[in-house]
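This briefing is intended for a reader meeting the structure for the first time. Please look over the sequence and the model before turning to the points below.

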Amino acid sequence: MVNFIIWLFYVRWCARLGSKRVIGGFDGAILGVLFSIFGLMIILNSRKLKDTKADIILLEKYKPIG
């Protein structure tokens, strides 16, 4: 029973980490369920949503002409 509760917290943690990244919360939870530790590594290697370097590049690429 304790192992199941720990596993549920782990899946919730994967979903929370995924929601702050490009892959999303649902996909993060699925990766945590299906691939366990490897899923967590995939989540942690994905790009964060608040990447200022990418934002600056996108602003320069699509700045308004005028």
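The briefing covers the overall form and then selected residues.

This is a predicted model, in which local features need pLDDT of at least 70 and side-chain atom pairs count only at pLDDT 80 or more, while totals for chains, interfaces and linings use all residues. Residues are numbered from 1 along each chain as its sequence is written, and side-chain values use heavy atoms, with hydrogens and water left out.

**Overall form**

- The chain contains three helices and zero strands; helices (H or I, at least four residues) and strands (E, at least two) are DSSP runs, numbered from the N terminus.
- In sequence order, the pattern is α-α-α.
- The chain is more spread out than a compact globule, because its radius of gyration is 16 Å, well over the 11 Å that the globule rule gives for 66 residues. The radius is taken over C-alpha atoms, and the rule is 2.2 Å times the number of residues to the power 0.38.
- Along the principal axes, the C-alpha atoms of the chain fill a box of roughly 65 × 15 × 15 Å.

**Surface, contacts and charge**

- Of the 66 residues, 21% count as buried. Buried means under 20% relative accessible area, exposed over 50%, and partly exposed in between, with a 1.4 Å probe and protein chains only.
- The accessible surface of the chain comes to about 5,600 Å², and 70% of that area belongs to carbon and sulfur atoms. Accessible areas come from the Shrake-Rupley method with a 1.4 Å probe; for residues, only the protein chains shown count as cover.
- Among contacts between residues at least 6 apart in sequence, 47% join residues at least 24 apart; contact means heavy atoms within 4.5 Å.
- The chain has 10 positive and 4 negative charges, whose mean positions are 7 Å apart. Lys and Arg count as positive and Asp and Glu as negative, while His and the chain ends are not counted. Each charge is placed at NZ of Lys, CZ of Arg, CG of Asp or CD of Glu.

**The two loops: R21 and S46**

- R21 is found in the loop between helix 1 (2-19) and helix 2 (25-45), and S46 is found in the loop between helix 2 and helix 3 (52-61).
- R21 has 11% relative accessibility, so it counts as buried; S46, at 14%, also counts as buried.
- The side chain of R21 reaches the backbone oxygen of S46 at 2.8 Å. A polar contact is a pair of N or O atoms within 3.5 Å; within protein, one must be able to donate a hydrogen and the other to accept it, and residues adjacent in sequence count only if both atoms are side-chain atoms.
- Leaving aside neighbours within four places in sequence, R21 is in contact with I43, L44, S46, R47, K48 and L49.

- C14 is found in helix 1 and is buried, with a relative accessible area of 0%.
- Not counting residues up to four places away in sequence, C14 touches G28, A29, G32, L40 and I43.
- S36 is placed in helix 2 and has a positive phi of about 50° although it is not a glycine. At 36% relative accessibility, S36 counts as partly exposed.
- C14 and S36 are 22 residues apart in sequence and 9.4 Å apart in space, C-alpha to C-alpha.
- I57 lies in helix 3 and is exposed, with a relative accessible area of 52%.
- I57 and L34 are 23 residues apart along the chain, and their C-alpha atoms are separated by 35 Å.
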